Amino acid sequence: MDYGQLVKKLSVPPGFAVPTRLTHGDIVARALSRADLADDVRGINASIDIIRRTRGGSWPEEGVTEEFDFVDLVWHECEFREGDSFAYAVYDVDGAYLGCCYLYPMGRRTPLTEELAKYDVDVSWWVTPTAYEAGHYSGLYRALRHWLSEDLPFKKPYFSNREIPSG
């Protein structure tokens with residue numbers, strides 16, 4: 001079977017509302033929205049190299065404009081509302097923007113294979129260079145693992161970042 005063109009739908013139990021806000025330690029994640037536009041544009045444009053190094057993938061190819069990112073944020077809002085994917089803007093408890101994290105269906109970000117078909121969600125994230133230096137890249141990874149075990153309905157996550165912290 002050729003899995004390469006398939007995307008698994010995210011499965012959320014009936015009646016389960018995926019949280020729009022998650023907290024763990026000094027990290028706060030909230031559903032990515034138009035309200036995050038200015039922070040997101042600054043964050044992406046300052047972080048292209050670190051995103052490519054840690055998250056991997058082809059995005060972003062170049063800096064983003066507010067007009068481009070606005071459309072992307074509206075798309076993330078629609079995807080969240082429809083349950084097709086869940087993207088979060090990540091801040092510290094003092095309100096400093098750290099980056100973003102994403103819960104995508106398997107096969108959207110990472111081509112699906114027979115081996116990857118056993119996972120139920122593709123998890124990825126990135127942080128700004130300042131946040132990385134402050135240890136928030138590993139901290140967000142720990143927060144994601146906590147949220148997946150305590151707050152979210154996905155039980156077999158696949159962490160697709162190129163750089164996975166050791167603990």
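The legends below describe close-up views of a predicted model.

**View 1. Helix α4 and its buried residues.**
Helix α4 covers residues 136-150, which makes 15 residues. From its first C-alpha to its last the helix reaches 20 Å, close to the 21 Å expected at 1.5 Å a residue. The buried residues of α4 are His136, Tyr137, Gly139, Leu140, Tyr141, Ala143, Leu144, Trp147 and Leu148. Leu144, which lies in this helix, has a relative accessibility of 2% and therefore counts as buried, the cut-off being under 20%. Between the C-alpha atoms of Leu144 and Phe159 the distance in space is 9.7 Å, and the two residues are 15 apart in sequence.

**View 2. The stacked pair Tyr102 and Tyr104.**
The model has 13 aromatic pairs, counted by distance between ring centres. In the pair shown here, the ring centres of Tyr102 and Tyr104 are 5.6 Å apart and the ring planes stand at 25°. The pair is classed as stacked because planes under 30 degrees apart fall in that class. Tyr102 is buried, at 4% relative accessible area. Tyr104 is also buried, at 8% relative accessibility.

**View 3. The edge-to-face pair Tyr141 and Phe159.**
Here the ring centres lie 5.2 Å apart and the planes of Tyr141 and Phe159 make an angle of 75°, so the pair is edge-to-face. Tyr141 belongs to helix α4 and Phe159 to strand β6 (residues 157-159), so this contact ties together parts that are 18 residues apart in sequence. Both Tyr141 and Phe159 are buried.

Trp125, Tyr132, Tyr137, Tyr141 and Phe159 are linked by ring pairs into a cluster. Two members of the cluster, Tyr137 and Tyr141, are among the buried residues of α4. At the ring of Tyr132, Arg53 lies over the face, 5.0 Å from the ring centre.

**View 4. The largest pocket and its lining.**
The volume of the largest pocket is about 340 Å³. Its lining is made up of 23 residues, and those closest to the centre of the pocket are Trp59, Pro60, Glu61, Phe68 and Asp72. The largest share, six residues, comes from α2. Sorted by class, the lining holds 11 nonpolar, five polar and seven charged residues.

**View 5. The cis peptide bond at Pro60.**
The peptide bond from Trp59 to Pro60 is cis, with omega near -10°. Trp59 and Pro60 are both among the lining residues closest to the centre of the largest pocket. Pro60 sits in the loop between α1 and α2. Its relative accessible area is 1%, and Pro60 is therefore buried. Val41 is 19 residues from Pro60 in sequence, and the C-alpha atoms of the two are 11 Å apart in space.

Lys9 counts as exposed because its relative accessibility is 65% and the cut-off is over 50%. Along the chain, Lys9 and Met106 are 97 residues apart, yet their C-alpha atoms are separated by 7.5 Å. Pro13, at 39% relative accessibility, counts as partly exposed. Pro13 and Pro153 are 140 residues apart in sequence, and their C-alpha atoms lie 7.3 Å apart in space.

How values were computed: Residues numbered from 1 in each chain as written. Predicted model: local features only at pLDDT ≥ 70, side-chain atom pairs only at ≥ 80, totals over all residues. Heavy atoms only, no water. Helix = DSSP H or I, 4+ residues; strand = E, 2+ residues; numbered from the N terminus. Expected span 1.5 Å × (residues − 1). Buried < 20%, exposed > 50% of the residue type's maximum accessible area, 1.4 Å probe, protein only. Phe/Tyr/Trp six-rings, centres within 6.5 Å; stacked < 30°, edge-to-face > 60°. Lys NZ or Arg CZ within 6 Å of the ring centre and 35° of its normal. 1 Å grid on protein atoms, 1.4 Å probe; cavity = no way out; pocket = protein on both sides within 12 Å on 5 of 7 lines; lining within 4 Å. Points joined across faces, edges and corners; volume = space filled by probe spheres on them. Nonpolar A, V, L, I, M, F, W, Y, C, P; charged D, E, K, R; others polar.
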